[in-house]
Amino acid sequence: MKKLYIKTYGCQMNVYDSERMAEALARAGYEETSSPEQADMILLNTCHIREKAAEKIYSELGRYKGLKAARPDLRIGVAGCVAQAEGEEIMDRQPLVDLVVGPQAYHRLPDLMARVEAGEKALDTDFPAEDKFDHLPARAPRAQRPTAFLTVQEGCDKFCAFCVVPYTRGAEVSRPPERILAEARALVASGVREITLLGQNVNAYHGEGQGGDWSLARLIRALAEIEGLDRIRYTTSHPNDMSDDLIAAHGECEKLMPYLHLPVQSGSDRILKRMNRGHTAESYIRLIERIRAARPDLLLSGDSITGFPEETEEDFEATLDLVRAVNYGQAYSFKYSPRPGTPAAERDQLPEEVKSERLARLQALLSKQQRAAQEAMVGREVSVLFEREGREPGQMAGKSEYLHAVHVVAPDLAKGDLARVRITESLPNSLSGELV
Ligand code: SAH
Ligand code: SF4
Ligand code: F3S
């Protein structure tokens, strides 16, 4: 067997794609290794969402120069969103790259690899007519893993003015529900108890299956019927695609975890409009109220951007106001980063210091909310799915239904156990507790 080293950057979809690529390449005689030094093929699965994310790739590639010089047979490939966005430019900028493959062409990897092995350079950034999922080998899930990702929808038609995703992942495509259910059953048969459904716009899911059109809510309800599957999550959602049915599912479907990542991006209507978000601050807040009415204990997460072109101090304060009104349990925030080819990159840009200063203020508020949400868990009983051994002897670590990391000292616990835990302490990035 030849050895394959895959390094994954970016979002959960890349994590999922890397597994599918490893499975496809296993058929072409490649076995995974965790060390680049031993690899015959190094594959970087990349992210283009912010400038820093893309630049990381070139510095990582630079580090492989010595390896390639010592072993000319070593092949180096770039997959993912940088591959899609930059294509051939990658090979021009870094000649040691042999293969560039975009996210919609992964099913062609075995053919591309054969060319690369023969000493050719290979580039495929097409958006093929055929669905890659129909042509990738059936899943060969790794045994003994309690959680898994499952892509149900890919691509985005929203075109937020700051975002590269519609260009790197292409138009929105939903997989047929039967395929998803079959993949979920295979995962559960291998020991998986929690599945996170993935999509760039996952709640816009609309699969064509038996009995017509399937919404995400319908898919979740069907997945909940699978025996042995205990937990369902989904990410990432757009506020405008939170249907009544999906909101209702949060109140009715026990296996659907009380956690929702619902990015807002800004609290200023003027900026939301320039971002092409299609919602207002007010409509977002009303939506949150409806979701919380269906599931009062839901832990809400979000994303916001500071320093989008033309953002004034007043606009930024509207974001702080929205964050105060919503009270996130967890959230991500980013400095606006102009992405080539997106409309906002062409506009007048704010100085870096302004973006950074606003980001620091926003993050201070968000981390206060996050700490408060964690501290509110102390004394409560949660359910924890244990995923790995902790740092201390006899300690196991897992996630609560609210996606908090929880540690418990309990030598009898095993990976994959689901247990009731009383939270006793809130630490900087996790909770600790004891078995009930
Ligand atoms: N499909 C997801 C993920 C988009 S990327 C979604 O729609 O939410 C994840 C987050 O990165 C976005 O929510 C946004 O907050 C941030 N982001 C996207 N483009 C960005 C840019 N150009 N600069 C800074 N942050 C950006
Ligand atoms: Fe990007 Fe999400 Fe907007 Fe789509 S909805 S363009 S993925 S931020
Ligand atoms: Fe990054 Fe592409 Fe995901 S740009 S966030 S890897 S969809």
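**Before you go on.** This is a predicted model, where local features need pLDDT of at least 70, side-chain atom pairs count only at pLDDT 80 or more, and totals for chains, interfaces and linings use all residues. Residues are numbered from 1 along each chain as its sequence is written, chains are lettered from A and ligands numbered from 1 in the order in which they are written, and side-chain values use heavy atoms, with hydrogens and water left out.

**Stop 1: ligand 1.** Stay on this ligand. Its polar contacts are pairs of N or O atoms within 3.5 Å. Pick Asp303: a polar side-chain atom lies 2.6 Å from a ligand oxygen atom. Now pick Arg50, where a polar side-chain atom lies 3.0 Å from an oxygen atom of ligand 1. The protein buries 88% of the 530 Å² that the ligand exposes when taken alone (Shrake-Rupley method, 1.4 Å probe). Show the whole shell next, meaning residues with a heavy atom within 4 Å. It holds 14 residues, with Phe162, Gln200, Gln265, Asp303 and Ser337 the closest. Strands S15 (299-306) and S16 (330-335) each give two or more residues to it (strands are DSSP runs of E, at least two residues; helices are runs of H or I, at least four).

**Stop 2: ligand 2.** Move to ligand 2. Among the residues around it are Cys156, Cys160 and Cys163.

**Stop 3: Asn203.** Select the loop between strands S10 (194-198) and S11 (206-209); Asn203 lies there. Asn203 is buried, with a relative accessible area of 7% (buried is under 20%, exposed over 50%, partly exposed in between; 1.4 Å probe, protein chains only). Its side chain reaches two backbone oxygens: that of His238 at 2.9 Å and that of Asp241 at 3.3 Å.

**Stop 4: the cores.** A nonpolar core is a set of buried Ala, Val, Leu, Ile, Met, Phe, Trp, Tyr and Cys residues joined through side-chain atoms within 4.5 Å. The largest one has 51 residues, and Leu197, Tyr234 and Tyr328 have the most contacts inside it. Helix H13 (residues 281-294) supplies its largest share, six residues. Colour Tyr9, Leu44, Val97 and Val100 separately, for they belong to a second, separate core of 23 residues.

Definitions and conventions
A polar contact is a pair of N or O atoms within 3.5 Å; within protein, one must be able to donate a hydrogen and the other to accept it, and residues adjacent in sequence count only if both atoms are side-chain atoms.
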